[in-house]
Amino acid sequence: MEYRKFAEIPEKVSLLGFGGMRFPVRDDQPENIVEEGVQALIDHARERGITYFDTAYSYHGGRSEEVLSGALRKYPRNSYYLADKLPIWLIKEAADTEKYFMEQLERCQTEYFDFYLVHSLDRYKYEICEKYHVYDALKRFRSEGRIRHLGFSFHDTPEILEKIVSDHTWDFAQIQLNYLDWEMQDAKGQYEILESRGIPCIVMEPNRGGALTSLPESSAKFLKEVHPERSLGSWAIRFAASKPGVLCVLSGMESEAVVDENAATVTGVTPFDEREERAVGQAVDMFLK
């Protein structure tokens with residue numbers, strides 16, 4: 001496992017992070033989590049060197065926080081990093097920020113979050129953030145030691161991202177970054193804004209919800225011609241992990257085999273060479289057609 005550090009984030013953060021939004025479930029019910037399965041996955045992830053674990057208030061019908069933190073409880077609290085997110089769309093008054101934050105601490109049975117994010121900011125949710133002085137409340141929690149690093153996840157244009165990072169000082173930001181959205185949703189522009197400001201980037205959806213692990217053969221053939229032995233998913237994970245401004249790449253891993261493959265992919269990761277860049281470009285062009 002590779003680990004990365006930045007000036008403002010000196011911790012030993014694994015380049016691969018475990019996302020808590022795709023746990024194994026029974027009867028296709030998101031809230032009906034197979035807890036013993038999650039425990040086995042978390043144990044295996046720990047064995048493979050993963051130290052960053054991500055959840056949110058709304059994942060799995062509100063059960064992800066409880067189940068993920070429960071699976072981690074057997075390990076020393078200072079041996080892993082727990083990330084959680086404020087459900088900004090539920091904030092209706094200034095007092096709600098503290099209300100939900102304290103509820104999340106209780107759900108996770110922890111005294112602090114290593115990484116805490118305002119969840120899914122866009123231009124409309126950012127208006128909520130500003131109207132109810134959410135940043136100020138979270139900054140206070142950070143000064144009290146209940147948040148170690150303060151950030152946000154983001155879904156909008158580079159112009160809105162520029163405003164958010166100009167208005168306030170953030171420790172990190174989480175964006176959707178993959179080789180399909182690099183140009184299609186201008187993830188490149190978003191990444192470059194963060195990199196230019198020295199803001200570490202957490203990557204979500206590196207496989208775009210699984211789409212890049214199951215490309216049509218007309219697209220996949222370009223990648224297989226270059227590396228027939230590698231999986232389609234490894235291309236996507238490596239694309240995100242190879243960016244120097246990336247602190248951690250999140251993946252919702254549903255099996256130990258996927259944990260193993262992704263961990264191997266981010267070990268000794270290198271940028272794409274010219275031939276690999278061309279193959280990805282051809283695969284994207286064909287996919288869009």
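User: Is Ser 219 buried or exposed?
Analyst: This is a predicted model, in which local features need pLDDT of at least 70, side-chain atom pairs count only at pLDDT 80 or more, and totals for chains, interfaces and linings use all residues. Residues are numbered from 1 along each chain as its sequence is written, and side-chain values use heavy atoms, with hydrogens and water left out. Buried means under 20% relative accessible area, exposed over 50%, and partly exposed in between, with a 1.4 Å probe and protein chains only. Because its relative accessible area is 0%, Ser 219 is buried.

User: Which residue has its backbone nitrogen 3.0 Å from a polar atom of the Ser 219 side chain?
Analyst: Ser 219 belongs to helix α9 (residues 217-226); helices (H or I, at least four residues) and strands (E, at least two) are DSSP runs, numbered from the N terminus. Not counting residues up to four places away in sequence, Ser 219 touches Ala 283, Met 286 and Phe 287, where contact means heavy atoms within 4.5 Å. The backbone nitrogen at 3.0 Å from the side chain of Ser 219 is that of Phe 287.

User: Which strand is joined to β6 by 6 bridges?
Analyst: Strand β6 (residues 113-121) is mostly covered, with 9 of its 9 residues buried. Two strands pair if DSSP finds at least two bridges between them, and β5 (residues 81-86) runs parallel to β6 with 4 bridges. Phe 113 stands opposite Ile 147. The strand joined to β6 by 6 bridges, also parallel, is β7 (residues 147-154).

User: Which residue of β6 is the bridge partner of Ala 83?
Analyst: Strands β5 and β6 are joined by 4 bridges. The bridge partner of Ala 83 in β6 is Phe 115.

User: Which residue with positive phi follows α1?
Analyst: Helix α1 (residues 35-47) has 13 residues and reaches 18 Å from its first C-alpha to its last, close to the 18 Å expected at 1.5 Å a residue; the expected span is 1.5 Å times one less than the number of residues. Its buried residues include Leu 41, Ile 42 and Ala 45, and what covers the buried residues of α1 includes β3 (16-19) and α11 (256-265). The phi near 95 degrees after α1 belongs to Gly 49.

Definitions and conventions
A polar contact is a pair of N or O atoms within 3.5 Å; within protein, one must be able to donate a hydrogen and the other to accept it, and residues adjacent in sequence count only if both atoms are side-chain atoms.
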